Amino acid sequence: MPSLPGNAETRDIAAAIEVIVEGGMHFDEPQKNDDDEDGGRGMRGIGIKILEGTTVLGLSRTTGIMNTNSDDIEVESVRQTPKTLPLLSKHNSSLAQANLSSAVVPGLWDDLHCQHVAVPFAAWALANWAMASGANRSHIQELDQDGNAVMTALTAPERSVKWHGSLVARLLLEDRNLPLSDSVSDWSASLLSTVSHASKNEDIPLAQVALSAFLISIERSPGAQKLVMEKGLQLMRDSAKRTTKHKDVQAALAKALELLSTGDLQLSLEESQKWSGILLSWVIEKSSSDTIRSSATKILSCILEEYGPYSLPISQGWLAILLNEVLGSGKTNSVKGGSQPKSDKVKTQIDQSNILIAIQTSNQLAVAVVNLAGKQLEKPADSVETFPLADLLSLEPFAGPFKNLKKDSVSKFDATDSALATLKGIKALTEVCSGDSACQHKLANYGILCLLRRLLLHDDYEKLAAMEAYDASRALEAQKRVSNVPDESSVSDTNNLSSVRVPPTAHIRKHAARLLTALSLLPAVQKAIVADETWCKWLDDCANGKIQGCSDLKIQSHARATLLNVFCNHHTDGDSANDDVPDTGTANKKGICPHYGDMIFLINPELPHWKCPENKDRDIVQRDKSSLGEADYIDREGTTETRASDDGGLSSSVDTSQNRSKSEVPQMDIVFVHGLRGGPYKTWRISEDKSSTKSGLVEKIDQEAGKLGTFWPGEWLSVDFPHARLFTLKYKTNLTQWSGASLPLQEVSTMLLEKLVAAGIGSRPVVFVTHSMGGLVVKQMLHKAKSDNIVNLVNNTVGIVFYSCPHFGSKLADMPWRMGLVLRPAPTIGELRSGSPRLVELNDYIRRLHKKGALDVLSFCETKVTPIVEGYGGWAFRMEVVPIESAYPGFGELVVLDSTDHINSCKPVSRADPSYTEILEFLRKLKDHHT
């Protein structure tokens with residue numbers, strides 16, 4: 001609280017300003033007093049007359065003690081001093097500066113021990129008056145129109161004068177009713193200088209008050225911003241490095257840099273590189289506040305936006321640090337040691353496998369960052385310390401590779417190498433954090449959205465590759481001009497146009513979109529995406545196939561799933577006290593929207609039935625959506641209006657008809673589940689030759705067969721059977737442990753069951769279309785749903801299609817167990833052995849459902865052997881993977897496919913192929929019967 005009144009006399013304020021400007025004050029002529037120890041010179045009570053005619057503040061060296069404080073100053077002994085005091089001489093700057101430097105944190109009391117006591121008291125009085133009232137501040141502004149008094153206080157040698165001068169400057173700048181002084185730019189420079197010196201002396205209170213005024217000065221004055229951007233960034237950077245333990249100072253510096261670099265002015269590329277290490281430290285450090293992280297993330301986002309491919313060392317470094325932080329968290333320790341049940345041990349194996357891959361990837365990514373930085377900056381090895389990126393490269397995990405860069409020249413490295421490292425980093429990050437909500441929250445807090453947005457919306461690696469190709473062509477032309485006789489051998493690989501490669505940008509986008517889908521269930525992520533109209537429009541255009549370079553079906557599905565997660569959940573869950581969105585068991589309850597994880601893909605995401613209904617009136621969104629989940633919306637017959645979103649530019653292709661007929665509303669769900677070594681899309685692509693699979697090793701089964709060709713569920717079935725939403729699932733399977741750990745059948749089924757229930761699948765009639773082991777996964781999933789009392793999914797499953805499903809085991813599973821020492825069969829394969837009791841039990845369960853009329857079954861059987869292992873002179877080993885006695889469960893319809901092997905049983909060659917016509921007829925019968 002101010003110690004002086006809010007209605008100060010103008011003459012008193014003028015007197016204080018005069019003291020500060022002149023360095024002292026004139027008083028009346030001294031009165032002769034023989035009793036004075038100083039011979040009547042009036043110096044016994046060292047003090048200053050502040051309020052004319054009323055109150056005099058003073059301090060006697062013999063009778064008074066002053067309690068000094070940065071925020072408030074109280075005088076314990078106040079007495080009347082003689083009205084006549086001599087003029088206190090002006091500052092001796094060198095002496096005062098020496099006094100200032102003699103103490104680390106000098107205060108007002110220290111200043112009063114010197115002979116110049118007038119200015120400290122005047123600055124104190126001016127600050128208290130400014131705090132007391134707006135009227136006082138108005139008088140100060142009128143009397144100091146040129147800002148000279150404030151500037152003099154800011155540049156004074158005494159600490160207390162600087163402190164109170166900074167406070168006066170802040171109070172005047174905060175008062176929006178006052179005109180802005182023309183000296184604000186000079187104030188700003190002086191305040192920043194004060195911050196720098198105070199941080200150097202560890203005088204944190206002075207740094208804080210000066211920073212508070214500095215912040216407002218650059219917020220209000222474009223001139224101050226320009227001056228600081230030109231001359232003050234180094235001082236800010238030095239202050240940030242000196243005050244890492246003081247988070248209030250760090251927060252103020254971060255906010256100041258945000259104000260400077262996110263407006264009309266931008267950091268230069270060199271300054272951006274110099275700041276990158278500090279900015280990423282602000283983002284990643286656990287002790288950083290949300291304010292610091294927010295400011296740093298915004299600044300980094302502007303840097304990436306402004307400099308594109310030139311900022312790749314920064315964005316790639318950000319990704320490497322994120323991966324390194326995730327690996328250094330508790331997740332690494334959670335998979336170590338301890339006796340565990342068998343299933344938990346397998347999960348632990350998978351976690352350990354993912355972490356080992358991620359650690360290796362992290363090291364590769366760190367090397368890539370250093371190499372790319374070295375190549376872009378093109379600095380000689382002896383001047384590495386002068387790199388603008390030196391602060392960034394001194395952080396972990398770059399320190400080791402950076403030391404090697406100092407010793408060695410930069411190795412051959414191009415944009416494609418950098419892009420491949422980024423691709424591996426995104427994949428590793430996604431695998432490690434998949435299903436781990438704590439890890440996902442950490443990624444969101446550490447700014448992963450900024451990186452994902454950049455990777456999705458821009459082609460920085462392609463631009464960098466184009467720049468490299470251009471530079472190579474220019475260098476080649478220059479070399480030819482210089483050389484009289486062109487010598488091809490003299491052309492270096494770096495300048496060889498044939499060595500230019502295309503970065504895997506599409507793959508980077510795909511995995512970035514997958515990670516975004518997994519994160520889109522977090523409320524903080526939903527809020528960020530909703531607020532970004534550009535990003536929302538891009539996602540919708542991508543889902544609709546309108547973005548060049550986004551033709552991959554997976555990325556289109558991820559884009560639509562992200563939008564559904566964001567807009568169907570954001571407002572519905574907005575008032576929930578629990579920030580963790582539940583992802584199992586309650587997806588069909590009112591008020592809970594479907595949650596689409598990264599293992600569920602939406603087929604044809606551009607269709608209108610995938611649009612999330614949005615209400616225009618934001619005030620009633622919570623009420624409306626709490627009683628209308630997406631599943632209820634689709635089941636209703638013409639009672640719901642579907643509108644384009646007002647929140648993010650969702651596609652205009654949304655069906656806006658008020659009354660949709662029953663035939664236009666999807667009445668069923670069809671879910672495709674692949675088998676061993678399959679995939680959500682490649683398993684279901686058409687084949688040119690149904691009797692041969694061009695694959696060499698057992699680990700490549702179904703790899704090449706599904707790389708090309710029409711995805712028949714999306715291109716044929718969606719047209720011939722438009723009455724259903726189509727999904728396809730993804731889960732990890734391996735034939736042997738050489739290719740990595742995979743979950744056993746029961747764990748895979750449990751995981752997929754949770755994802756399906758969370759996505760609202762089971763709220764209407766559902767048909768599962770399966771290939772190979774996928775049929776067993778569905779059987780186990782329904783059995784688990786029954787035991788867990790998830791009745792909707794069990795009761796609404798009206799049909800299952802089995803393509804070459806080993807109901808009673810597979811010869812392929814028998815072979816690895818006989819050759820176990822060589823092939824090391826994965827746990828999943830072991831469960832497919834012939835005669836497995838578990839398989840018989842699951843088959844009996846489905847048989848009972850079929851017998852009760854709860855579901856219909858259609859099975860397909862292969863008739864040709866499948867090549868497994870390639871030998872010399874052709875196929876050395878072929879086998880019938882699922883014989884007819886295992887492919888037929890003993891109930892339902894059976895279709896024997898002529899001249900078809902195991903891999904191609906689910907890959908029709910045309911619409912007339914029995915493997916397609918039979919399933920189409922099966923689905924039509926189910927529709928007529930159940931809808």
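A: Begin with contacts: a contact means heavy atoms within 4.5 Å. Note also that this is a predicted model.

Q: Which residues does phenylalanine 672 touch, leaving out those up to four places away in sequence?
A: With those neighbours set aside, phenylalanine 672 touches Ile603, Trp684, Trp712, Pro713, Leu717, Phe727, Thr728, Leu729 and Val769. Phenylalanine 672 itself is found in strand β6. One of the residues on that list can also be placed by its C-alpha atom: threonine 728 is 56 residues from phenylalanine 672 in sequence, and their C-alpha atoms are 4.4 Å apart in space.

Q: Is phenylalanine 672 buried or exposed?
A: The cut-off needed here is that buried means under 20% relative accessible area. Phenylalanine 672 has a relative accessible area of 0%, so it is buried.

Q: What share of the protein's 931 residues counts as buried?
A: The share is 55%. The accessible surface of the protein comes to about 39600 Å², and carbon and sulfur atoms account for 49% of it.

Q: How many helices and strands does the protein have?
A: There are 39 helices and 13 strands. To see how contacts run along the chain, take those between residues at least 6 apart in sequence: 77% of them join residues at least 24 apart.

Q: What does serine 199 touch, again not counting residues up to four places away in sequence?
A: Serine 199 touches Ser239, Arg242 and Thr243. Its place is in helix α8, which covers residues 184–200. With a relative accessible area of 4%, serine 199 is buried.

Q: Why can charged side chains pair?
A: The general idea is that side chains of opposite charge can pair when their charged atoms come close. The cut-off used for a salt bridge is a side-chain nitrogen of Lys or Arg within 4 Å of a carboxyl oxygen of Asp or Glu. By that reading, the structure holds 26 salt bridges.

Q: Which residue does glutamate 285 meet in a salt bridge?
A: The partner is lysine 247, with an N to O distance of 3.2 Å. This pair links distant parts of the chain: glutamate 285 is in the loop between α13 (269–284) and α14 (290–307), while lysine 247 is in helix α12 (residues 247–261), 38 residues apart. Glutamate 285 is partly exposed at a relative accessible area of 32%, and lysine 247 is partly exposed at 23%.

Q: Which residue meets lysine 298 in a salt bridge?
A: Glutamate 258 does, at 3.5 Å from N to O.

Q: What about aspartate 669: which residue is its salt-bridge partner?
A: Aspartate 669 forms a salt bridge with arginine 725, and the closest N and O atoms are 2.9 Å apart. The pair links distant parts of the chain, with aspartate 669 in strand β6 (residues 668–673) and arginine 725 in strand β7 (residues 724–729), 56 residues apart. Aspartate 669 counts as buried at 0% relative accessibility, and arginine 725 is buried with a relative accessible area of 1%.

Q: Which residues form a negative surface patch?
A: Asp856, Glu893, Glu918 and Glu921 form a negative surface patch. Glutamate 893 lies in strand β13, residues 893–896, and counts as partly exposed at 38% relative accessibility.

Q: Is alanine 524 buried or exposed?
A: Exposed means over 50% relative accessible area. Alanine 524 is at 54% relative accessibility, so it counts as exposed. It is found in helix α25 (residues 523–530). The C-alpha atoms of alanine 524 and alanine 444 are separated by 7.7 Å, and the two residues are 80 apart along the chain.

Technical notes: Residues are numbered from 1 along each chain as its sequence is written. This is a predicted model: local features need pLDDT of at least 70, side-chain atom pairs count only at pLDDT 80 or more; totals for chains, interfaces and linings use all residues. Side-chain values use heavy atoms; hydrogens and water are left out. Helices (H or I, at least four residues) and strands (E, at least two) are DSSP runs, numbered from the N terminus. Buried means under 20% relative accessible area, exposed over 50%, partly exposed in between (1.4 Å probe, protein chains only). Accessible areas come from the Shrake-Rupley method with a 1.4 Å probe; for residues, only the protein chains shown count as cover. Patches are made of residues with over 30% relative accessible area and no salt bridge: like charges are joined within 9 Å, nonpolar side chains (Val, Leu, Ile, Met, Phe, Trp, Tyr) within 5 Å. Lys and Arg count as positive and Asp and Glu as negative; His and the chain ends are not counted. The place of a charge is taken as NZ of Lys, CZ of Arg, CG of Asp or CD of Glu.
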